Amino acid sequence: MKLRGRAIFEGKAVGQALVSSSPMSFYGGVNPETGEIVERGSNLAGQSVRGRVLVFPYGKGSTVGSYVLYRLAKNGVAPSAIVNAKCETIVAVGAIISEIPCVDMVDVTKIKPDARVRVDGATLEF
Amino acid sequence: MHLTKEEEAMLAGEQGHATQKAMQILVALGRIYEAKRLVKVSSVQVSGVSYKNLGDAGLEFLSELAKDGKARVKTTLNPAGMSLTDWKSQGIDSVFAEKQLQVIDAYAKLGVEITCTCTPYLAGNEPSFGQHIAWGESSAVAYANSVIGARTNREGGPSALAASLTGRTPLYGLHIRENRVPTIAVNVEAQLRFPEDFSAMGYFVGRTAKDGIPYFRGVQRASLEDLKTLSAGLASSGGVAMFHVEGMTPEFGLGAKNLEALTFTRKELAETDSLLNDEGAPDFVSVGCPHCSLTELETLAKLLSGRQVMREFWVCCSREVKRLGDEAGYSGPIEASGAKFALDTCMVVAPVEELGYKVVATNSAKACHYLRNAGLKVRFMPLEECVAEATRSG
């Protein structure tokens, strides 16, 4: 299937989808050293974002979350791309400063967990 | 979004890497929030200063930008995680201190004034009515929009810095007049006697208003200190970036028809007070969230004159207000009591939980909120009672 959204930070990436059903907080929700999701109550708790195409509805929580994304990238454990239903400031800024391809305005419910997703600019293929 | 030729050049990297990164951030935000263009800003307040929140990654990001980035407009800085000069006597460990000073160096290189205060409007960054600004620090955002009538969205650290490095911000949200009208009314029936009552009211209303714009009716008078702490309360429990006070704040006339209304009576005031109080005797007392004004230093000087504090007592304020306090003769009695001025920092952004304290007494609902998140117990009380608690023997 092919979906076209809006590129927040343009780039190319391929990875297995890691799909969160709820909004994500990076500050306090993801370990910046390991990439492990530590947010209580998340359906992804215990899994790592490393190299995955991370799919979630939108970001929430502290604006420091942008720096957590940057830290993940510097530690080599960042997601390979981010896909949102609606991107907000924290994730958008985080993706830009970390240079992680980021796309929003797509129907994220169409993306099945573990599907192999190819991101290219504003387009997703899986 | 429309960009001018100069803005296009910034985005293309013709004015350096830092400017390009900054412009990428602004363009992305502009697209997300459907801004038609960018608008020039007259000043910036940057949040994201404490090493406690930034970590090594934040420090690395700032150092990277500082290689070729420069502030294009007046830019002031939020508090750091410690006093930049007296961190040793605050009990801060040297590894933290070294990293914090590196963060400050990066900001200085970027041309940011090292004001380290959450009340820039009391320390030389004073926008005027109608000016577009890009401020981080949620309490200062609410104060600037509501009390001064300047225009800013609630910026995060990187987006405020991006505005500084380009002199621009996307034109959306509270930069546009139509978006500054109230969304919820608050009928104030409680008698507001202390600034702390305004703090509690802000905290109560913020929870319901979320990111809306409250319109307060029935407030007879309010001092700068009242409005300063109201701003902080509203912005900490909710995402409030602007409010109006009928008959008082400059844009209350934008209209408040057919609004859903909350009521704030003695009952809600008492409930909020008890919500902000844990069990336990305070071993740390702190006032100045937001940073103390000169009037608050005057009050403290009177209350502390001839007395000795028996437990750690931090008076948080900017270096500018401290200087005025020195000249006015207020700082002497405060320091003679054993109370410590916590300059450049505050009880919220310093790693107080790692200094061994368990229960903090403070006159700020905002501070209670964040200290609890850091795992501390809190006691919320008026300034006078904070002093009584600090000077109580046993």
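Q: How much space lies in the largest cavity?
A: This is a predicted model, in which local features need pLDDT of at least 70, side-chain atom pairs count only at pLDDT 80 or more, and totals for chains, interfaces and linings use all residues. Residues are numbered from 1 along each chain as written, chains are lettered from A and ligands numbered from 1 in written order, and side-chain values use heavy atoms, without hydrogens and water. A cavity is a set of points, on a 1 Å grid over the protein atoms alone, where a 1.4 Å probe fits but cannot get out; lining residues have an atom within 4 Å of a point. With volume taken as the space filled by probe spheres set on the points, which are joined across faces, edges and corners, the largest cavity holds about 90 Å³.

Q: Which helix gives the largest share of the lining of the largest cavity?
A: Of its 13 lining residues, K228(B), T229(B), C289(B), E296(B) and N363(B) are the closest to the centre. Helices here are DSSP runs (H or I, at least four residues), numbered from the N terminus. The elements giving two or more residues to this lining are α7 and α8 of chain B. The largest share, three residues, comes from α8(B).

Q: Why are α7(B) and α8(B) classed as they are by angle, and what is the class?
A: Helix α7 (residues 195–209) and helix α8 (residues 224–237) of chain B pack with axes 7 Å apart, at an angle of about 25 degrees. Axes are lines fitted to C-alpha atoms over the stretch in contact, and angles run from 0 to 180 degrees between N-to-C directions. Angles under 35 degrees count as roughly parallel, and α7(B) and α8(B) are therefore roughly parallel.

Q: Is the crossing of α10(B) and α14(B) left-handed or right-handed?
A: Helix α10 (residues 294–304) and helix α14 (residues 383–391) of chain B have axes that come within 10 Å and cross at roughly 40 degrees. A crossing is right-handed if the near helix is turned clockwise from the far one by less than a right angle, and left-handed if anticlockwise. The crossing of α10(B) and α14(B) is right-handed.

Q: Which residues of α14(B) make the contact with α10(B)?
A: Contact means heavy atoms within 4.5 Å. From α10(B), the contact is made by T299(B), L300(B), L303(B) and L304(B). The residues of α14(B) are L383(B), E384(B), V387(B) and T391(B).

Methods:
Parallel < 35°, antiparallel > 145°, perpendicular 65-115°, else oblique. 1 Å grid on protein atoms, 1.4 Å probe; cavity = no way out; pocket = protein on both sides within 12 Å on 5 of 7 lines; lining within 4 Å.
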